Amino acid sequence: MSEPPTIVVVAKECRPGRVKTRLTPPLSPEQAATVAEAALEDTLTALGAMPAARRVLFWDGAPRRNADVAGWEMIRQPDGTLDERLGFLFDHMAGPTLLVGMDTPQIASPLLDGPLSVWPEEVDAWLGPAADGGFWALAMREPDGTVVRGVTMSRPDTGAAQLSRLLSAGLRVRFLAELTDVDDARAAARVADQAPHSRFARAWRSAMPEGEQ
């Protein structure tokens with residue numbers, strides 16, 4: 001591939017009670033929002049430094065004015081379930097597209113070498129499996145919302161269901177490394193250990209009582 005794909009981050013405004021609700025408890029809604037914001041900042045910073053033909057923030061909430069979205073095009077998420085929203089996104093993208101969530105602040109360049117710098121001709125799609133059974137990344141050479149729409153999200157078999165849909169569409173799929181996404185407190189602690197110098201890890205350590213991190 002001569003040109004890297006478009007990078008899309010799917011994210012939402014980090015307001016208390018609206019993000020990372022499975023971290024409450026042990027965190028308060030305000031602390032959970034702070035941790036989510038740190039994860040988003042880490043994600044945008046990491047992906048902002050990687051090669052991309054275009055950068056898109058697929059956003060739910062009030063417009064983000066932070067400096068970390070400089071150079072990012074903002075597309076507002078429509079109403080609907082997550083699969084419907086992702087289907088909308090892929091239907092409106094042109095050319096190779098890589099979608100990443102905001103819950104893997106440990107993301108680093110080598111994890112995405114496949115779609116960002118190599119992308120062999122014999123590969124149509126990339127799937128990044130998450131440790132909880134979901135997926136943290138999805139890339140398609142020719143974006144098609146129909147292969148996402150109808151997949152039930154946030155279930156232990158979401159990743160398997162998404163893979164089945166890709167294969168059923170005749171796409172040749174290659175896997176990215178499995179990552180833990182920040183979902184509950186146990187996963188958050190694991191991710192903080194994996195990226196100890198990240199904004200996310202600092203926010204997590206600040207929010208959690210010593211000895212419970």
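**Reading a predicted fold, residue by residue**

Student: Among contacts in the chain between residues at least 6 apart in sequence, what percentage join residues at least 24 apart?

Tutor: This is a predicted model, in which local features need pLDDT of at least 70 and side-chain atom pairs count only at pLDDT 80 or more, while totals for chains, interfaces and linings use all residues. Residues are numbered from 1 along each chain as its sequence is written, and side-chain values use heavy atoms, with hydrogens and water left out. A contact means heavy atoms within 4.5 Å, and among the contacts between residues at least 6 apart in sequence, the share that joins residues at least 24 apart is 65%.

Student: What percentage of the 213 residues count as buried?

Tutor: Relative accessible area decides this, with buried meaning under 20%, exposed over 50% and partly exposed in between, using a 1.4 Å probe and protein chains only. By that cut-off, the buried share of the 213 residues is 50%.

Student: Which side chain of opposite charge is nearest to Asp83?

Tutor: Asp83 is found in helix H2, residues 82-91, and, leaving out residues up to four places away in sequence, Asp83 touches Val148, Arg149, Gly150, Val151 and Met153. Lys and Arg count as positive and Asp and Glu as negative, with His and the chain ends not counted, and a salt bridge is a side-chain nitrogen of Lys or Arg within 4 Å of a carboxyl oxygen of Asp or Glu. Asp83 is buried yet has no salt bridge. At 6.3 Å away, the nearest side chain of opposite charge is Arg149.

Student: Which residue does a cis peptide bond join to Thr24?

Tutor: Most residues other than glycine have a negative phi, and most peptide bonds are trans. In the loop between strand S1 (6-12) and helix H1 (29-48) lies Pro25, and Pro26 also has its place between S1 and H1. A cis peptide bond with omega about 15° joins Pro25 and Pro26. Another cis peptide bond, with omega about -10°, joins Thr24 to Pro25.

Student: Is Trp119 buried or exposed?

Tutor: Trp119 lies in the loop between helix H3 (113-118) and strand S5 (125-129), and its phi is near 40°, a positive value in a residue other than glycine. Its relative accessible area is 0%, so Trp119 counts as buried.

Student: What is the relative accessible area of Lys20?

Tutor: Lys20 sits in the loop between S1 and H1, and its phi, near 50°, is a positive value in a residue other than glycine. Among the residues in contact with Asp103, leaving aside neighbours within four places in sequence, is Lys20. Lys20 is buried, with a relative accessible area of 15%.

How values were computed. Helix = DSSP H or I, 4+ residues; strand = E, 2+ residues; numbered from the N terminus.
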